[in-house]
Amino acid sequence: MASTHIHLWRSEDTTSFPYGRPGARSNAHAGQPYRVALLIPMCGAAGMWAPSCIASAEVALNELNASTGIAGCPVEVVVIDAAVEAETPVETLIDDLISQGRIDAIVGMHISAVRQKIIGTVRGRIPFIYTPLYEGGEASPGVFTIGDMPARQLGPAIGYMSRRFKLKKWALIGNDYIWPRVSHAYAKIQLRRHHRELVFESYLPFNSKRIADAVETIGKSGADAVLISLVGQDAVAFNRIFGAMKLHLTTFRLSCAIEENGLLASGEQNLHRLFSSASYFAGLDTPGNAEFREKYHSLHQERAPMLNALGQSTYEGLHFLASLVDQPDQDWRAHRMPSSRPIAYKSARRGLYVTNADNKSPVFLARANGFVFDDLQRLP
């Protein structure tokens, strides 16, 4: 199998590209590398996702470079820190790299607040594939979203859990940025629809010192269930405190962003009554996931980070980019027109893109069982 071309961005990396305007490849440049900026958080609250994201992207790189690459060119990936806590704002780096013709596309797996800043910098000059779950509504030119959204990921999960476990009172907690706030606005509509009571709502900054206070207040609120929209280590801290206060013995938890890494970090003893809603889990029983898992563990062996939805999204993000750029007789800039054809791409779940608002991948509700999610229930 072809070797992977992936490295971390260094400020002293001055490699330039002898191409024309960014994103505008022609057959004359066949054989030159097609360089993709992979934007993932490498530090801070969301930094725990980085190993899985890089490891999953490496599988896609091997597959692409063993075939025809992207736009007929071998693929290289430059990993750039897209954490909100990063020393240099990622949008500053991206603007420089695009202006100098040093990257041809972006695959981003980071929070929505960072996505909004990057879009203002990219301005449709190169394709930007945004891979994780998000709040929905993205319509900027040249931006393609392939992750789960609240209407299919969150609404059915709230309804299912409320009915199955007779949950009457819900609490909402999240970090203070667009994804939790928009998702919780949608959740409140669903709670009213199902005649459930909202007894607590709070938004915390990243790396907050007030998580324990929030957990204590939730415990006193009488909540039967908590929707957790905290990111990475903040969700881990919440789960640990939740378990230490023994609330996991009486109160259900639902998250759309807690994945297998989060289970491992939270500790098995703190995971009782914890559920997650997503279209991908490591244990998903599909032919695509069986193939992905085999290649993933064959490549990384005992060093393999935990498989999870956020990591897998970088795998399919690179494959989506390849399918987008390689569409016959259609420029990626014009894809969002009503006449655009759906884009089929390789994925461990289901890879078919129609528009940013049209993602038909099946969504499942899964229960934490040790360090894995199982008992997957397909949601309507």
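Analyst: Two notes on conventions come first, then the questions. This is a predicted model, so local features need pLDDT of at least 70 and side-chain atom pairs count only at pLDDT 80 or more, while totals for chains, interfaces and linings use all residues. Residues are numbered from 1 along each chain as its sequence is written, and side-chain values use heavy atoms, with hydrogens and water left out.

User: Which residues of the largest nonpolar core touch the most other members?
Analyst: A nonpolar core is a set of buried Ala, Val, Leu, Ile, Met, Phe, Trp, Tyr and Cys residues joined through side-chain atoms within 4.5 Å. Buried means under 20% relative accessible area, exposed over 50%, partly exposed in between (1.4 Å probe, protein chains only). The largest such core has 120 residues, and those touching the most other members are Ile80, Ile94, Ile106, Phe238 and Leu254.

User: Which helix gives the largest share of this core?
Analyst: Helices (H or I, at least four residues) and strands (E, at least two) are DSSP runs, numbered from the N terminus. The largest share is 9 residues, and it comes from helix 1 (residues 50–65).

User: Is Ser313 buried or exposed?
Analyst: Ser313 sits in helix 11 (residues 309–325). Contact means heavy atoms within 4.5 Å. Beyond residues up to four places away in sequence, Ser313 touches Met109, Thr131 and Pro132. With a relative accessible area of 2%, Ser313 is buried.

User: Which backbone oxygen does the side chain of Ser313 reach?
Analyst: The distance is 2.6 Å.

User: How many residues of helix 5 are buried?
Analyst: Helix 5 covers residues 155–164 and is mostly covered. Its buried residues include Pro156, Ile158 and Met161. Among the elements covering them are helix 6 (178–193) and strand 7 (169–175).

User: Which residue just after helix 5 takes a positive phi?
Analyst: The phi is about 55°. The residue is Lys166.

User: What is the relative accessible area of Ser202?
Analyst: Ser202 lies in strand 8 (residues 197–204). Leaving out residues up to four places away in sequence, Ser202 touches Leu172, Ile173 and Gly174. Ser202 is buried, and its relative accessible area is 15%.

Technical notes:
Polar contact = N/O pair within 3.5 Å; in protein donor to acceptor, adjacent residues only side chain to side chain.
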